[in-house]
Amino acid sequence: MAVTESGPEVVLLMGPPGAGKGTQAALLAEARELRKLSTGDMLRAHVGRGTDLGVKAKGIMDAGELVPDELIVAMVRSELDGMEPVRALLDGFPRTPVQAAALDELLADEGAELTAAVALEVEEDELVRRLEGRARQEGRSDDNESTIRNRMEVYRRQTQPLLDYYDERGKLERVSGMGSVEDVFERVTGVLP
Ligand code: AMP
């Protein structure tokens, strides 16, 4: 979809590990001229560069746990700071209620508001199948069986409740993430204004 005018736009892509957030985020960011902010990618870049943050994050990521909120919020804040207009696609953030509240504040500070929170829904068997495939192809160190199981559990416990948070604010769009990348992309663009 071509974007003819570029006012503020902030879209969240949510969903369990393996739901296809990264793939859809890349497509959507390009189609709507949004800056893609993937906290997972940012963290992996820090790990690769061996920064202080990367050193702190590595063990947490390999265990499938969440990196502390304050580190994540600072990372996102520095990206959004001064973006004018704010046009961002957030992939994998927020993941906790603290992060969601921080995002509300960050956006208010920038005079922007959330456009939509898109939740990709995929059946559990399919999630595991995709993550195992990704482990073989990309060799992500957190795509092994025990870490995958923990990341699912962490998602259910800490991140899934955020869907209610956005639903109560009238921002939640649930989209089936089953089927081909193209089909999912069409559904996602279909729910956005
Ligand atoms: P992802 O690529 O989004 O699956 O993220 C990979 C890992 O990075 C997660 O399992 C967490 O350890 C960490 N991570 C990414 N985003 C966040 C976030 N918003 N809050 C806390 N930890 C995060």
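The model is predicted, with local features needing pLDDT of at least 70 and side-chain atom pairs pLDDT 80 or more, while totals for chains, interfaces and linings use all residues. Residues are numbered from 1 along each chain as its sequence is written, and side-chain values use heavy atoms, leaving out hydrogens and water.

Next, colour Asp-69, Ile-72, Val-73, Met-75, Val-76 and Leu-80, the buried residues of α4. They lie on the same side of α4 because their arc around the axis is only 160 degrees (taken from the directions from the helix axis to the C-beta atoms). These residues pack against β2, α2, α3, β3 and α5 (97-109), contact being heavy atoms within 4.5 Å. Just after α4, Gly-82 has a positive phi of about 75 degrees.

Move to α2 (residues 39-49) and α3 (residues 52-63), whose axes come within 8 Å and cross at roughly 115 degrees (lines fitted to C-alpha atoms over the stretch in contact, with angles from 0 to 180 degrees between N-to-C directions). Gly-40, Leu-43, Arg-44, His-46 and Val-47 of α2 meet Leu-53, Gly-54, Ala-57, Lys-58 and Met-61 of α3.

Finally, select α1 and show Lys-21, Gln-24, Ala-25, Leu-28, Ala-29 and Arg-32, which are buried. Seen down the axis, the buried residues of α1 fall within an arc of 130 degrees, so they line one face. Just after α1, Glu-33 takes a positive phi of about 55 degrees.

Conventions
Buried < 20%, exposed > 50% of the residue type's maximum accessible area, 1.4 Å probe, protein only. Helix = DSSP H or I, 4+ residues; strand = E, 2+ residues; numbered from the N terminus.
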